[in-house]
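Visitor: I have a structure open here and would like to talk it through. Can we start with whatever you have at hand and move on from there?

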Amino acid sequence: MKNVLGTRHGLRTNRSLTIIAQDPSFQIDNKILRATIEVPAEELSPGPSGYRVSVIDYDATANVLYAPLELNSGLDENYPDPFADKSDQELLDNPGFHAQNAYAIVMRILARFELALGRRVAWGSSGHQLHVAPHAFAEPNAFYSREDRALFFGYFEGVLDGRKTSQTVFTSLAHDVVAHETTHALLDGLRQRYLEPSSPDQAAFHEGFADIAALLSVLSLDAIVRAVLDGKPDDRLIDARFLTPEALIDSSLMSLAKEMGQELSGIRGSALRQSLKLEPGHDYMNDEAFQEEHRRGEILVAAMLRSFLDIWVARLQRVGTISRGKKDRSLVVEEGAKAADHLLTMAIRAIDYCPPVDLTFSAYLSALLTVDREVVPDDRYGYREALLRNFASYGIAPSSSADVDGTWRRSDRDMVYSRTHFDSMLRDEEEMFRFVWENRRALELGEVGYIEVQSVRPSTRIAPDGFVLRETIAEYVQMLTLQAQELKDLGVDIPDGLDHWRNVTLFGGGTLVFDEYGQLKYQIANHLLNSEADIGRQSQRIAHLWESGFYADPAVAASRFAELHMARAMADRVSL
Amino acid sequence: MKPSRVTIRSYQVGFGDCFLFSVHYDNGDSRHVLIDFGSTGLPEGVPKTRLKAIAKDIQTVTGNKLTAVVATHRHKDHISGFATNEAGTASGDIIAKLQPDLVIQPWTEDPELEETATAPRARRGRKNLSSAARHVRTLWAMQQVAAQVWAEAKRSRSLRPEMRAMLGFLGENNVKNLSAVKNLMTMSKNKKKNKYVHAGTSSGLEKLLPGVNVDVLGPPTVEQHEEVGTQTSWDNDEFWVRLAAADRTSPPSGMSAKPLFPKHVVNREKYRFPVNARWFIYRAKRLRGEQMLRIVTMLDDALNNTSVILLFRVGGKSFLFPGDAQIENWEYALAQSNVRKLLKSVDVYKVGHHGSRNATPKTLWNLFEHRSADKHDAHRLTSLLSTMAGKHGREDNSSEVPRKTLVSKLERESTHFTTQNLAANDLCFQVTFDL
Ligand SMILES: [Zn+2]
Ligand SMILES: [Zn+2]
């Protein structure tokens with residue numbers, strides 16, 4: 001078959017585009033640090049508007065639409081990068097470049113998720129194309145809105161540290177902000193119930209995970225790692241004494257934190273900066289000050305960043321020393337960017353191994369460890385050791401229902417497979433539901449409650465031995481609505497003041513992972529009320545919802561929740 | 001001299017508060033305290049000169065002398081009546097001539113605090129501020145933001161009419177009312193007679209009102225507030241300061257906003273946006289409206305929570321005037337056991353914040369021991385409500401003011417008076433309490 005270019009070669013798969021590496025205040029020799037990134041090549045209409053992202057540059061404050069950027073068609077032979085040779089001022093003054101910057105970073109994060117999970121990944125909002133508004137309104141704010149199928153990026157007047165005049169700050173030009181919001185949209189697509197009110201952990205997870213993805217995305221750029229390493233980007237060698245986890249925190253990450261969000265300081269206390277302030281060796285999880293969801297998210301970010309440094313340093317052991325304790329700078333940079341990229345892949349892949357409701361940091365850690373064990377059973381790179389140690393130093397232990405090594409237990413129950421066809425289970429939720437139903441006893445689903453299969457998704461990835469590993473991931477959710485007084489009989493604690501006739505919904509659910517032969521490999525579940533631990537979890541969830549005012553008044557519950565989200569969006573700008 | 005009678009005049013100001021609290025003594029003497037005087041909208045048929053008419057009525061009733069003025073918080077609907085004009089003929093000028101011996105305002109109005117908090121260095125975050133000054137700076141920034149939102153709502157051609165009305169109302173109510181603020185600061189002539197109070201301080205009223213006990217139950221200071229462990233989203237000081245400085249497009253009201261990139265604006269044919277962009281533009285406009293509404297609502301709540309809460313006790317009866325205090329302000333008072341004890345015996349309750357859902361916490365309402373369904377109960381709780389429906393909040397999310405469920409509770413369990421029952425030409429209703 002010939003393609004449109006009249007040749008029998010495949011079309012090019014990637015397009016290179018210039019972006020601002022972190023944000024315009026991150027400069028080297030008074031020039032904005034840039035990067036060229038690869039994004040999937042695709043057919044584009046003006047916007048750019050592609051198969052997953054549609055940039056519409058509408059400004060609601062000024063009520064104007066800016067001209068769309070026209071990148072050339074994905075069917076052309078070459079894809080020139082229109083801003084490669086433009087001056088810094090031209091980049092700042094041209095809304096087309098802002099559109100390109102946002103488009104490219106969103107697509108890069110999307111591609112990262114798809115590569116990690118081995119399948120197409122949907123946005124949390126309906127429809128295929130997510131709208132991106134690079135100058136949505138005059139407000140120091142950026143967010144993902146499921147209902148509006150969009151990422152909104154605001155702009156505002158800001159004063160850079162040490163300067164007198166103010167200048168316009170565009171959140172769509174900040175790599176970490178764009179990556180953060182994109183991650184919200186993708187995580188929402190993978191686990192839609194994570195935006196529902198549950199535990200402090202779950203509320204904190206969306207923020208923490210979006211921060212992690214954003215930071216690792218920034219750190220996976222060679223240009224960034226090179227720039228922050230020890231302040232001498234042009235030297236060929238680097239002294240090994242700069243290459244310990246402690247030294248890397250002091251030099252690289254601290255200087256990155258200082259650069260990041262200089263112009264956004266005060267609005268985003270910079271996730272990185274906040275997390276670096278958290279010294280390991282303290283039980284943050286049970287600390288009163290870290291129950292609030294934004295602060296709590298920092299714990300997760302801190303544990304991941306410290307793991308990243310350990311992994312980077314471990315990789316450097318394999319990089320030889322050139323002369324008198326010095327190593328080749330390019331290799332050090334490359335290993336750093338690779339470590340970030342690798343950890344990001346793990347972080348994303350772990351979502352497939354998380355329960356669909358009531359997520360805890362402990363469960364996420366077990367998911368991370370399991371993902372790694374699947375790929376590297378003997379832990380020869382020490383990733384699991386690094387994760388366990390660093391998470392423990394912030395008070396996060398693996399899930400109590402996990403195996404001794406912290407990974408999820410393999411399912412060893414006998415399942416009924418004869419009533420379902422695996423090939424249709426791969427894509428058919430009805431068939432998957434039949435499997436769940438036939439096995440409700442083996443899956444310990446209990447006798448009561450409504451059950452629904454939420455998704456069935458294939459996952460394909462390449463194992464280290466080069467073979468293709470295929471899995472199928474299904475999520476089911478259980479719901480049980482009871483009056484508060486009935487819960488008491490089940491042992492669930494009811495907060496003082498909650499009316500006894502009030503309806504309360506409990507959630508349970510699990511993720512089922514099937515191997516390539518259709519056998520159930522893992523059931524990662526939070527059961528409704530099977531054990532004391534489940535009952536405790538339900539009590540805690542209700543107590544948390546009660547404290548956040550969720551049950552305050554049935555008529556206002558819905559709008560209350562909207563307000564909670566607003567409060568969170570407001571604080572977002574502080575913790576982002 | 002002993003107090004023998006208390007009268008309360010509740011003036012018809014539409015959406016707003018204006019109460020004249022008068023203590024009458026057995027020797028024929030009377031002392032008068034004006035609690036708030038403002039309006040953000042009059043009912044149909046009420047003449048525009050209403051505030052001035054009220055000021056004149058107060059002048060007559062008090063015999064040209066006010067003992068004290070209380071401005072519970074700086075919202076327009078509580079202080080616009082204090083505004084003056086150059087000719088010296090405005091309602092605020094008339095009140096100033098009644099020479100109050102004392103002007104009571106919340107601690108957040110302390111001009112010294114405001115000066116430190118809003119100095120340029122403080123605004124740029126280059127100065128370490130006390131927690132009190134930081135809070136005042138936040139409030140200052142919020143008012144700037146309110147002005148911006150109000151301007152944006154006024155010039156916007158894309159908001160739904162109801163949204164515009166709500167934004168306009170809240171924006172206007174939260175914008176700083178300069179002449180009224182200045183008048184309150186200066187009307188007592190002697191600076192020492194301005195009291196900026198917080199929970200637990202003396203009101204200074206006892207000396208002026210023989211036989212009357214007055215407790216200040218709110219607002220708490222930041223330290224007191226933190227003590228009870230509340231932290232609200234709006235209390236995020238840096239954020240508001242930045243937000244206040246953020247709006248580069250805000251032109252003088254009425255004009256259209258300047259675009260960021262004039263050379264790149266898409267020309268519209270007959271005001272129509274390109275077809276492909278319309279769905280999204282519609283959503284973005286709607287979102288912007290909701291977002292501005294949430295922002296001004298937060299400002300509104302924050303200022304309401306600076307309300308002075310006063311409890312008057314005289315001759316075995318107690319009268320509660322909480323301004324527009326909402327739950328965050330109340331939390332501090334309600335956490336003190338001695339205050340809870342005092343609140344149990346409240347006889348007269350000025351309904352908080354015009355009857356909104358957040359201003360009469362259940363924990364407060366349940367304390368009132370004089371609540372009674374029996375209309376003939378001699379000790380039955382009296383409730384006074386100054387409000388106007390259709391101005392604030394909306395029914396679709398139960399935020400309408402007055403909140404219907406609250407009004408029916410007030411009607412059921414108290415002897416309820418509301419300004420909504422006044423005819424357009426009635427200036428006020430007066431309730432008398434014999435002691
Ligand atoms: Zn009011
Ligand atoms: Zn108010």
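Guide: This is a predicted model. Start in chain A, with helix H4 (residues 200-219): Phe205(A) and Phe209(A) are four residues apart there, so about one helical turn separates them.

Visitor: Are those two buried or exposed?

Guide: Phe205(A) is buried, and Phe209(A) is buried as well.

Visitor: Where does Tyr353(A) sit, and where is Tyr522(A)?

Guide: Tyr353(A) is in the loop between helix H9 (329-349) and helix H10 (361-375) of chain A, and Tyr522(A) is in strand E19 (residues 520-526) of chain A, so the pair ties together parts 169 residues apart in sequence. The ring centres of Tyr353(A) and Tyr522(A) are 5.7 Å apart and the planes are at 70 degrees, so this pair is edge-to-face. Both Tyr353(A) and Tyr522(A) are buried.

Visitor: Which residues do ring pairs link into a cluster?

Guide: Phe19(B), Phe21(B), Phe312(B), Phe319(B), Phe321(B) and Phe433(B) are linked that way.

Visitor: Which charged ends sit over rings?

Guide: In chain A, the charged end of Arg296(A) sits over the ring of Phe361(A), 6.0 Å from the ring centre. In chain B, Lys154(B) has its charged end over the ring of Trp150(B), at 4.0 Å from the centre.

Visitor: On to the metals. What coordinates the zinc ion (ligand 1)?

Guide: The donors are Asp77(B) through OD, His78(B) through NE2, Asp324(B) through OD and His354(B) through NE2, at 2.0 Å. Along the sequence these donor residues are spaced D-H-x245-D-x29-H.

Visitor: Why is the arrangement irregular?

Guide: The four donor atoms around the zinc ion (ligand 1) subtend angles of 82 to 155 degrees, which makes the arrangement irregular. To count as tetrahedral, four donors need all angles between 85 and 135 degrees.

Visitor: How far apart are the zinc ion (ligand 1) and the zinc ion (ligand 2)?

Guide: They are 3.3 Å apart, and Asp324(B) coordinates both. Asp77(B) is buried at 1% relative accessible area, and His354(B) is buried at 0%.

Visitor: And what coordinates the zinc ion (ligand 2)?

Guide: His73(B) (NE2), His75(B) (ND1), Asn304(B) (OD1) and Asp324(B) (OD) do, at 2.0 to 2.3 Å. The angles subtended by the four donor atoms around the zinc ion (ligand 2) are 87 to 167 degrees, which makes that arrangement irregular. The donor spacing along the chain is H-x1-H-x228-N-x19-D.

Visitor: Where are His75(B) and Asp324(B)?

Guide: His75(B) lies in the loop between E4 and H2 of chain B, and Asp324(B) in the loop between strand E9 (317-321) and helix H12 (327-334) of chain B, so the pair ties together parts that are 249 residues apart in sequence. His75(B) and Asp324(B) are both buried.

Visitor: Change of topic: backbone. Which peptide bonds are cis?

Guide: The bond from Gly47(A) to Pro48(A) is cis, with omega near 0 degrees. Pro48(A) is in the loop between strand E4 (34-40) and strand E5 (53-55) of chain A. The bond from Val401(B) to Pro402(B) is also cis, with omega near -5 degrees. Pro402(B) is in the loop between strand E11 (382-385) and helix H15 (404-413) of chain B.

Visitor: What about phi of Asn64(B)?

Guide: Phi of Asn64(B) is near 65 degrees, a positive value in a residue other than glycine. Asn64(B) is in the loop between helix H1 (50-61) and strand E4 (68-70) of chain B, and is partly exposed at 46% relative accessibility.

Visitor: Last one: how many helices and strands does chain B have?

Guide: Chain B has 15 helices and 13 strands. Of its 435 residues, 57% count as buried.

Technical notes:
Residues numbered from 1 in each chain as written. Chains lettered and ligands numbered in written order. Predicted model: local features only at pLDDT ≥ 70, side-chain atom pairs only at ≥ 80, totals over all residues. Heavy atoms only, no water. Donors = N, O, S within 2.8 Å, 3.2 Å for Na, K, Ca; no water. Tetrahedral: all angles 85-135°; square planar, octahedral: opposite > 155°, others 65-115°. Buried < 20%, exposed > 50% of the residue type's maximum accessible area, 1.4 Å probe, protein only. Helix = DSSP H or I, 4+ residues; strand = E, 2+ residues; numbered from the N terminus. Phe/Tyr/Trp six-rings, centres within 6.5 Å; stacked < 30°, edge-to-face > 60°. Lys NZ or Arg CZ within 6 Å of the ring centre and 35° of its normal.
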